[in-house]
Structure formats: structure tokens, C-alpha cells
Amino acid sequence: MIKIKAKDVDVFYGKKQALFNISLDIEENQVTALIGPSGCGKSTFLRCLNRMNDVIDICSVKGEILINDFNINDKSCDVVRLREKIGMVFQKPNPFPKTLYENVSYGPTIHGMAQSKQEMDEIVETSLKKAALWEEVKDRLHEPGTGLSGGQQQRLCIARAISVRPEVILMDEPCSALDPIATAQIEELIDELKKEHTIIIVTHSMAQAARVSQNTGFFHLGQLIEHGSTDKIFKNPDNKKTQDYITGRFG
Amino acid sequence: MNKNKEQLLNKRYKAEQRFRLYGLSAIFMALLFLTIFIFKIFSTGYSAFQKTWLVVPVTFDAELMMLDQNPSKEDLQDADYYDIALKSMADLDPKANEDQENELKRMVSYFFEKEIKNELLNDPNLIGKTKEVYLTASDDLDQVFKGNYPRDLPEDQRRVSDYQLKIFDQLVANGKVESKFNISFFTNADSREAELAGIASSFMGSIFSILVCLMIAFPVAVLAAIYLEEFAPKNRFTDFIEVNINNLAAVPSIVFGLLGLGVLLAIFQLPRSTPLVGGITLSLMTLPTIIIAARASLKAVPPSIREAALAMGASRMQTTMHHTVPLSMPGTLSGTIIGLAQALGETAPLILIGMVAFVNTIPGSPMDPAASLPVQIYIWAESAERGFVEKVSACIMVLLGFLIIMNLFAQIIRHKFEKKWS
């Protein structure tokens with residue numbers, strides 16, 4: 001099943017074009033990895049999917065991005081509703097400087113998802129359990145989230161993202177600031193999360209893309225060079241550039 | 001080659017040492033000036049916190065006070081105290097002639113009649129008896145007792161006559177002159193008589209001005225800062241506003257005083273000399289300071305926090321109100337306090353809007369005429385009487401204490417509530 005369908009997406013920063021004609025289909029309940037050298041536009045593309053580029057004044061997006069067959073670049077699309085459905089985890093862990101509980105309950109609170117304290121407690125607990133953080137923090141839910149280790153903070157951010165039960169989770173290099181053990185934990189978590197969510201992950205590590213994803217898209221200089229199943233991209237790419245990047249000849 | 005290198009290295013070390021020395025001497029100079037300044041103020045001002053009293057026996061003679069037998073409270077209120085007051089002063093020297101009696105009277109404050117009256121009102125049983133009453137010494141004798149008065153000047157150049165000094169020395173020898181903590185310095189309003197003048201009016205005036213200033217400047221500045229930082233598009237117009245806010249911060253304060261005079265008093269007809277007008281004028285001055293501080297602390301909130309909130313589906317307003325503004329509050333508040341501290345020490349604009357008027361009542365609201373602490377310093381510094389010299393320093397001490405407390409508070413807020421980012 002195709003969850004997201006991007007058609008001829010162009011992105012401009014002022015006069016400079018950052019993405020050229022990107023068309024990409026993303027499968028539901030699978031992990032899609034976006035790889036490519038720095039500055040190739042993979043993060044920009046990711047931020048198109050929940051319209052985070054709106055925040056940047058000079059950035060403009062053209063083309064269609066259909067999520068559940070609805071064009072999110074359409075004027076009638078409400079960004080608040082869109083971002084409720086499409087969660088995001090950033091490169092650097094960015095918990096709010098509030099308690100763990102407040103971090104996870106923030107989304108459900110502003111979207112009015114819990115009628116009572118018990119319901120909220122439940123949401124917080126299940127979100128933290130799904131983010132594999134519950135056992136480590138259940139006794140200190142009311143301590144500041146910024147007091148956790150880097151890996152724990154990133155899992156807290158994942159718990160925060162899934163607390164509103166999004167259909168899609170966007171991950172922008174979620175492990176680049178973490179050590180190998182924390183990275184392994186997050187990767188395991190991604191594998192678990194794909195059962196309920198569609199996941200798109202931007203990564204610099206080809207090994208990580210190979211480990212966690214089913215589909216891979218390779219970006220270079222603002223163009224989507226090639227995309228397909230991860231197996232095919234890594235073992236038998238069609239394009240010479242992809243081949244060169246995968247084998248480490250540039251990037 | 002090697003030798004050359006070593007020379008170069010030595011030179012670099014020497015240059016560094018010299019540089020450190022310059023820095024140290026700069027700090028030393030600053031500390032020296034500060035010490036001299038503080039020492040001067042304290043050594044001149046501390047004596048203002050003491051007040052000299054003459055202990056004079058007063059006979060509460062019912063006849064002289066025109067009182068009947070068994071007088072009521074009202075009778076005591078209305079009784080004539082001038083004669084017994086005069087008599088008790090004249091009795092200090094039984095051989096005094098009329099001129100000398102006059103001089104004796106001037107050894108205490110003109111308030112002495114009231115002090116005697118209060119004594120009797122407190123204890124009506126005193127009628128017909130004699131009691132030693134504490135009377136405020138005149139400001140000149142106060143200075144004599146504190147050792148600040150040039151006794152060796154020729155008599156015609158002094159306000160205290162030889163006769164008064166003679167009687168005063170007798171009183172001192174008999175232990176009838178006492179020095180006590182000067183409560184009236186804090187409870188009295190300004191007065192033409194140095195011994196009675198206090199800072200209550202100017203202190204309350206300053207407090208009211210600062211409150212008015214805070215209530216106007218803080219909300220306006222914070223809203224302006226939030227709009228400019230979080231919502232306004234970046235274009236020529238907002239650049240223009242930004243430049244002008246910075247310009248506003250550099251405008252000399254007296255210009256704001258003229259603005260207050262021309263607009264608030266002349267056009268809006270607000271009451272002259274009041275903390276209300278003073279506060280509004282000061283708020284114009286404080287506004288840019290708070291805006292700049294608030295914008296700086298909004299800018300200091302990492303963009304990742306905004307992104308996190310937006311990505312959770314918070315609207316821009318929610319992102320701002322739930323996250324950015326609370327996180328920027330410590331910086332904004334300490335900037336506000338520093339802005340208020342500046343306003344507290346401001347003199348020129350208040351002089352222009354008439355807060356320099358002689359006010360001998362304590363204001364009960366921002367609509368009552370009042371002075372302010374720095375203006376009070378200015379008024380007293382202009383006065384000729386010797387008694388005001390120590391008052392000026394004492395008033396400076398109070399103002400400085402006030403400022404130090406405010407700045408301390410700003411520091412505490414900044415350190416205690418500042419969030420650490422992950």
C-alpha cells in the first residue's frame with residue numbers, strides 16, 4: 001500500500017533551487033531510508049512531508065505531496081492537523097526543558113486526546129513503553145527531561161512523537177548524536193515501530209540504512225537519483241552514481 | 001635561527017605579562033574610585049541616621065495652658081501649649097533677657113510645641129507636674145553635637161550664637177543632650193528645617209513612579225518583543241522599527257522629560273508633580289531597554305525547542321506561549337529590573353515634569369504630588385543649611401541600597417530560573 005506519493009516536488013530557498021522534480025512513493029508500515037551526501041536535499045524533502053519548511057520565510061515548495069490521497073500542499077490543508085498525523089524526530093534530541101511527563105503529555109494535551117488524568121497517564125505510559133524507555137524512567141516521570149542521557153533523550157523525543165498516534169514518523173538523522181549502544185537501541189525501536197507507523201528516516205550511515213530500511217532513496221545534488229527496495233539499491237543499483245556512493249567512492 | 005625563535009617567544013611572553021598588568025591596574029583604579037566614593041558618602045552620611053535631642057524639664061501648668069479642672073480629651077487637643085513650651089526653654093537660663101529667651105527658643109525645632117503637646121496627650125495625668133521631655137534640637141546644634149560645626153568661626157559668621165553654644169555646652173555637661181536613631185528621617189516628608197526633613201515623601205514617590213512605570217512598560221515591551229521576534233516578517237519595515245528601538249534607547253532622558261511636559265501635562269492635562277506622570281515618562285525611557293532584553297532572551301531560546309513544538313502540531317501562538325515565552329522570562333525579568341533600576345535613578349525628566357516641587361506631605365497614591373529619591377538628593381544638595389549636607393549623603397545611601405537590592409534580585413532571578421539546554 002502506498003502511503004505517501006510525492007509528485008514533481010521542487011523546493012526553492014529564495015532563488016536557489018534545492019530540490020528538483022522529486023517523485024517518490026512511500027510504502028505504508030515500512031521503513032524508507034533517504035541517503036545521500038551532505039547538502040543533497042534529503043532533509044529538505046523530509047521537512048516537506050510535514051510542512052516544516054513553512055517556518056523558513058524564504059522557502060517555497062511546489063508540486064504535489066499526497067498523503068492518503070490528500071494533497072498537503074493544498075491551501076485547504078491545516079498544518080496543525082497534518083503535524084498531528086505526521087510526527088517528527090530531530091537530529092539532536094530536543095526534549096522540552098520540562099518534566100518527562102509533560103514532554104510526553106504535551107501533544108495529547110494540545111490536541112485534546114485525553115478526557116481525564118487516568119487517560120493521560122495511560123497515554124504517557126504506553127508511549128514510553130513503545131519507545132522502550134518506560135522501565136528506565138517510570139520512577140522519575142516528574143524530573144526534567146533534559147536530565148536524561150543523550151540516547152534516553154532521543155527515545156523520549158520518540159515517545160513524544162508517538163504519543164499522538166501519528167500515521168507517519170519522520171526521523172531526521174536520529175542517531176547522529178548518539179553512541180553505538182544508544183544507536184542500536186533506537187534501531188531496534190524503529191523495527192518495532194514500523195508495525196504501527198510508516199517511517200521515513202534520513203541517515204548518513206549506509207550501514208544503518210541497510211539494517212533498518214526496506215526501501216531506500218538516494219539523493220544527490222537535489223535530485224532523487226534512484227529509489228527502490230533496500231536490497232536492490234545496496235546489491236544491484238541501476239545508476240553508476242548510486243553504485244559509487246554505496247561503495248564509498250564519494251560522499 | 002633557533003636563537004631568533006627564542007627571542008620571539010620571550011617577547012610574546014613579556015607582551016602577555018604587560019597586558020595582564022594593564023588589566024590589573026585598570027581594575028585597581030576602578031576599585032579605588034569606588035572605595036573613595038563609598039567612603040566619602042558613608043563618612044558624610046552616617047550621622048544623618050542619628051538625631052540630637054535636648055532633654056528639657058517642662059512644667060505642665062494648667063493655668064498657662066488655659067485649661068479648666070478635669071479637662072476632656074478635646075480640651076487637651078485645643079489647649080495652648082506655646083506658653084509652657086516657651087517658658088520651659090526660657091527656664092534653661094533663669095537670668096536670660098528677652099533677646100536671649102528668643103535665642104533659647106531657637107535652640108530647638110519649631111516643632112517643639114507639638115512635641116510637648118504629644119507628651120501630654122499620651123499621659124493627661126501630667127497636668128500640674130514637671131517632666132523631662134525630649135525636644136528635637138535645631139539642625140545647627142545637631143551639627144554642633146555631631147562635631148560637624150565650625151565653632152571657631154567669628155560669631156557674626158555663624159548661625160549659632162556664643163550664648164546658645166554656652167547654654168548647649170552646659171546641657172551637654174549635665175547629660176541633657178542625647179543622640180538617638182533618627183526615625184523621623186524615614187517617616188517625615190521633606191521640610192525646610194533640616195532637623196525635620198525626611199525621605200518618606202520621595203521614597204513613596206519613587207515607589208509609585210516605578211510601579212506605574214512597570215505596569216506600563218512591561219506589558220507593552222514584552223508584547224512588542226514577542227511580536228517582533230516571533231511573528232513579524234523580516235522586511236524593511238521591521239528593520240526600520242528595530243533600528244528605531246535601538247535609537248530610542250540612546251535618547252537622553254531629559255528629552256523624555258520634555259515629552260512628558262509637552263504631551264502629558266500640556267495636552268492631556270494630567271496633574272503636575274505626580275508619580276503618575278513621572279511613571280509614564282520613565283516608562284518611555286524603560287521601554288526600549290526591556291524590549292531589547294526581552295528580544296535577546298527570546299533569541300536565546302534554541303530554535304530546536306520551537307521546531308519540537310511545531311512538529312507536535314502546536315500552532316505558532318501555542319509554541320510561543322507554552323514554550324518560548326516562559327523560557328525567555330528569566331532574561332526578560334532581569335532586563336526589566338535593570339531597566340527599572342535605571343529609571344529609579346533618573347532625575348532630569350522628573351525635574352521637568354515638576355516632581356522637583358517642595359512636597360511636605362506623604363503621597364497616598366500615584367495621583368498625589370511627590371518628589372523622588374534622586375530629585376530629593378538634588379533639592380537638598382541645593383539647600384544652604386549645613387544640616388542638609390549629611391541628608392544628601394544619607395539619601396544617596398538609601399537610593400544606592402535600593403538599587404543594589406534590585407540588581408541583586410535581577411541576578412538571583414537570572415541564575416535561579418535560567419534553564420540549561422540539554
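User: Happy to start in chain B. Which residue is the bridge partner of Lys51(B) in β3(B)?

Analyst: Please keep in mind that this is a predicted model. Strand β1 (residues 50–59) of chain B runs antiparallel to strand β3 (residues 177–181) of chain B, and five bridges join them. In β3(B), the bridge partner of Lys51(B) is Lys180(B).

User: Thanks! Which residue stands opposite Thr59(B) in β2(B)?

Analyst: β1(B) also pairs with strand β2 (residues 130–136) of chain B, in the antiparallel sense and over seven bridges. Within β2(B), the residue opposite Thr59(B) is Thr130(B).

User: How far apart do the C-alpha centres of domain 1 and domain 2 of chain B lie?

Analyst: The domain assignment of chain B gives residues 51–180 as domain 1 and residues 200–417 as domain 2. Between the C-alpha centres of these two domains of chain B, the distance is 47 Å.

User: Now the helices. Are α16(B) and α17(B) roughly parallel or roughly antiparallel to each other?

Analyst: The axes of helix α16 (residues 373–382) of chain B and helix α17 (residues 387–417) of chain B come within 9 Å and cross at roughly 165°. Angles over 145 degrees count as roughly antiparallel. The two helices α16(B) and α17(B) are therefore roughly antiparallel.

User: What is the handedness of the crossing of α16(B) and α17(B), and how many nonpolar residues does the contact have?

Analyst: The crossing of α16(B) and α17(B) is left-handed. On the α16(B) side, the contact includes Leu373(B), Ile377(B) and Trp380(B), and α17(B) contributes residues including Phe388(B), Val392(B) and Leu399(B). By class, the contact of α16(B) with α17(B) has one charged residue, one polar residue and, to give the count you wanted, eleven nonpolar.

User: How do the residues of the contact of α14(B) with α17(B) divide by class?

Analyst: Helix α14 (residues 316–344) of chain B and α17(B) pack with their axes 8 Å apart, at an angle of about 170°, so α14(B) and α17(B) are roughly antiparallel to each other. Among the residues making the contact are Leu333(B), Ile337(B) and Leu344(B) of α14(B), along with Phe402(B), Met406(B) and Phe417(B) of α17(B). The residues of this contact of α14(B) with α17(B) divide into 14 nonpolar, three polar and one charged.

User: Over to chain A. Which strands are the edge strands of the six-stranded open sheet?

Analyst: The strands of this open sheet in chain A follow the order β6-β7-β8-β3-β9-β10, and the pairing is mixed. Edge strands pair on one side only, and in chain A these are β6 (86–89) and β10 (223–229).

User: And in β9(A), which residue is the bridge partner of Ala33(A)?

Analyst: Strand β3 (residues 31–35) of chain A and strand β9 (residues 215–220) of chain A run parallel and are joined by four bridges. For Ala33(A), the bridge partner in β9(A) is Thr216(A).

User: Are α3(A) and α6(A) roughly parallel or roughly antiparallel?

Analyst: The axes of α3(A) and α6(A) are 7 Å apart, and the helices pack at an angle of about 30°. Angles under 35 degrees count as roughly parallel. That makes α3(A), relative to α6(A), roughly parallel.

User: Last one: which elements give two or more residues to the side of chain A that touches chain B?

Analyst: The contact takes 19 residues from chain B and 24 residues from chain A. On the side of chain A that touches chain B, the elements giving two or more residues are α2 (79–85), β6, α3 (100–110) and α6 (150–162) of chain A.

Terms used: Residues are numbered from 1 along each chain as its sequence is written. Chains are lettered from A and ligands numbered from 1 in the order in which they are written. This is a predicted model: local features need pLDDT of at least 70, side-chain atom pairs count only at pLDDT 80 or more; totals for chains, interfaces and linings use all residues. Axes are lines fitted to C-alpha atoms, for helices over the stretch in contact, and angles run from 0 to 180 degrees between N-to-C directions. Angles under 35 degrees count as roughly parallel, over 145 as roughly antiparallel, 65 to 115 as roughly perpendicular and the rest as oblique. A crossing is left-handed if the near helix is turned anticlockwise from the far one by less than a right angle, and right-handed if clockwise. Two residues are in contact if their C-beta atoms, placed from the backbone, lie within 7 Å. Ala, Val, Leu, Ile, Met, Phe, Trp, Tyr, Cys and Pro count as nonpolar, Asp, Glu, Lys and Arg as charged, and the others, Gly among them, as polar. Two strands pair if DSSP finds at least two bridges between them. Domain bounds come from an automatic or database domain assignment.
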